[in-house]
Amino acid sequence: QVRLMESGGGSVQAGRSLTLSCVVSGITYNGNNFMGWFRQAPGKEREGVAQINIGIGTIYSDDSVKGRFTISQDIARKTMYLQMNSLKPEDSAMYYCAAGSWNDIRNYGVHKPAGYTSWGQGTQVTVSS
C-alpha cells in the first residue's frame, strides 16, 4: 500500500518562497509510476501543479506555475519536493501529493487528478498580498 505524507506548507507574503515535501512509502521506483503535486482552493476543482515519472525522471509542469515552481525527488530519501518561488495570492490552496501508475494515469492524462490512486492528507499554503 502506498502512503504519502506532505509537509512544509504555511503562510507567506506574495513574492516569497516555500518548499513542500512529500515522503512516500510502499512505491516502486520504475518507469510505470508517477508522483505529482496537486492543489485545491475553496470552491474550485482540484488541479495539477507538477508531476514526475519517478523511474525515468521526466517532469511535467502546468503552465500556471512554469518558471516559478520546480518538482524534484530524492530517491534515497523517498521524498518528492515542490520548490515554490515568487508565490502569488492565487497560489493559495491545499496542496496534495499523489501517486499512481501509468495503467490508470494514461486514461486521464498526467496532469489530471483522476488517474492518481494514492493521496496524502494535504498541506495548506496561504499567500497574502
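**Chain layout and residue N33**

User: How many helices and strands does the chain have?
Analyst: The secondary structure of this predicted model comes to one helix and eleven strands.

User: In what order do the elements run from the N terminus?
Analyst: The order is β-β-β-β-β-β-β-β-β-α-β-β. The radius of gyration of the chain is 14 Å, close to the 14 Å that the globule rule gives for 129 residues, so the chain is as compact as a globular protein of that length.

User: And what box do the C-alpha atoms fill?
Analyst: Roughly 40 × 30 × 25 Å, taken along the principal axes.

User: Switching to N33. Where is that?
Analyst: N33 lies in strand β4, which covers residues 33-40.

User: Buried or exposed?
Analyst: N33 counts as buried, because its relative accessibility is 12% and the cut-off for buried is under 20%.

User: What does N33 touch?
Analyst: Leaving out residues up to four places away in sequence, N33 touches I27, T28, I52, N53, I54, G55, G100 and S101.

User: Back to the whole chain. What share of the residues is buried?
Analyst: Buried residues make up 42% of the 129.

User: And the contacts, what share joins residues at least 24 apart?
Analyst: 58%, counted among contacts between residues at least 6 apart in sequence.

User: Last one, charges. How many positive and negative?
Analyst: The chain has 12 positive and 9 negative charges, and their mean positions are 4 Å apart.

Technical notes. Residues are numbered from 1 along each chain as its sequence is written. This is a predicted model: local features need pLDDT of at least 70, side-chain atom pairs count only at pLDDT 80 or more; totals for chains, interfaces and linings use all residues. Side-chain values use heavy atoms; hydrogens and water are left out. Helices (H or I, at least four residues) and strands (E, at least two) are DSSP runs, numbered from the N terminus. Buried means under 20% relative accessible area, exposed over 50%, partly exposed in between (1.4 Å probe, protein chains only). Contact means heavy atoms within 4.5 Å. The radius of gyration is taken over C-alpha atoms; the globule rule is 2.2 Å times the number of residues to the power 0.38. Lys and Arg count as positive and Asp and Glu as negative; His and the chain ends are not counted. The place of a charge is taken as NZ of Lys, CZ of Arg, CG of Asp or CD of Glu.
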